[in-house]
Amino acid sequence: AFEGNTAIAELDLKSATTIGANAFNGATAFKGIGKNGVVTLNVATVEENSFNGTAVQRFQLKAATTVKANSLNSTALKQVKFRQNVKAWKDNAGINTSFIADPTTVDLFVKSAADQAAFGNMVFRTVTEDDTDWQD
């Protein structure tokens, strides 16, 4: 819907039930909402290249059970928070380990310590157990 749109900067996506592949791919000014640049998603699947090349700093995934290739590959990405139990859906191959380009520059927040294993060999800047919502 907004692929390649370099003008859109803010959009609240909390009520979206689906976001297609390439939805914001190349939307370089898109940063989410609020002073912290948070994108809160309530979708089950984060499709390929959904936010590739955006300016989003923080993604909060409240319902995701599948995260596809380059889906959160924001050029400004600093933090990703998984608000559900990731370990429960790892066995279903839900996490594509290339959902972000460089995990070593990203802080990962998971619901429980057991969820860390779901990310395999991915090395994040930090991993924190945190069960609270981020505010926009």
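Gly53 is buried, at a relative accessible area of 16%. Buried here means under 20% relative accessible area, exposed means over 50%, and partly exposed falls in between (1.4 Å probe, protein chains only). The model is predicted, so local features need pLDDT of at least 70 and side-chain atom pairs count only at pLDDT 80 or more, while totals for chains, interfaces and linings use all residues. Residues are numbered from 1 along each chain as its sequence is written, and side-chain values use heavy atoms, with hydrogens and water left out.

**Two loop positions**

- Gly53 lies in the loop between β2 and β3. Helices (H or I, at least four residues) and strands (E, at least two) are DSSP runs, numbered from the N terminus.
- Leaving aside neighbours within four places in sequence, Gly53 is in contact with Ala27, Thr28, Asn73, Ser74 and Thr75. Contact means heavy atoms within 4.5 Å.
- The C-alpha atoms of Gly53 and Asn70 are separated by 9.2 Å. Along the chain, these two residues are 17 residues apart.
- Thr104 sits in the loop between α1 and β6. Thr104 is partly exposed, with a relative accessible area of 44%.
- Not counting residues up to four places away in sequence, Thr104 touches Val123, Phe124 and Arg125.
- The C-alpha atoms of Thr104 and Thr126 are 8.2 Å from each other. The two are 22 residues apart along the chain.

**The sheet**

- Five strands form an open sheet in the order β1-β3-β5-β6-β7, with parallel pairing. Two strands pair if DSSP finds at least two bridges between them.
- β1 and β7 (126-129) stand at the edges, each with a single partner strand, so one side of each has no neighbour in the sheet.
- On average, neighbouring strands of this sheet are turned by 15° against each other, direction ignored. Axes are lines fitted to C-alpha atoms, for helices over the stretch in contact, and angles run from 0 to 180 degrees between N-to-C directions.
- β3 and β5 run parallel and are joined by four bridges. Phe59 has Val80 in β5 as its bridge partner.
- β5 and β6 pair in the parallel sense over three bridges. Val80 has Leu108 as its bridge partner in β6. Lys81 stands opposite Phe109 in β6.
- β6 and β7 run parallel, with four bridges joining them. Phe109 stands opposite Thr128 in β7. The bridge partner of Val110 in β7 is Glu129.

**Strand faces**

- In a regular strand the side chains alternate between the two faces of the sheet.
- From β5, Gln79 and Lys81 point one way and Val80 and Phe82 the other way; all are buried.
- From β6, Asp107 and Phe109 point one way and Leu108 and Val110 the other way; again all are buried.
- The charged end of Lys81 sits over the ring of Phe109, 5.5 Å from its centre. The criterion is NZ of Lys or CZ of Arg within 6 Å of the ring centre and within 35 degrees of the ring normal.

**Aromatic pairs**

- The whole structure holds 10 aromatic pairs. Rings of Phe, Tyr and Trp (its six-membered ring) pair if their centres lie within 6.5 Å; planes under 30 degrees apart count as stacked, over 60 as edge-to-face and the rest as tilted.
- Phe24 and Phe51 form a stacked pair, 5.2 Å centre to centre with 10° between the planes. This pair links distant parts of the chain, 27 residues apart: Phe24 is in the segment before β1 (38-41), and Phe51 is in the loop between β2 (45-46) and β3 (58-61). Phe24 and Phe51 are buried.
- Phe82 and Phe99 form an edge-to-face pair, 6.2 Å centre to centre with 90° between the planes. Phe82 lies in β5 (residues 79-82) and Phe99 in the loop between α1 (87-90) and β6 (107-110), so the pair ties together parts 17 residues apart in sequence. Both Phe82 and Phe99 are buried.
- Phe2, Phe24, Phe30, Phe51 and Phe59 form one aromatic cluster.

**Nonpolar core**

- The largest nonpolar core has 32 residues. Such a core is a set of buried Ala, Val, Leu, Ile, Met, Phe, Trp, Tyr and Cys residues joined through side-chain atoms within 4.5 Å.
- Phe30, Leu41, Phe51, Leu72, Phe82, Phe99 and Phe119 touch the most other members. β1, β3, β5 and β6 each supply at least two residues of this core.
- Leaving aside neighbours within four places in sequence, Phe30 has contacts including Ile8, Leu11, Phe24, Val39, Phe51 and Val56.
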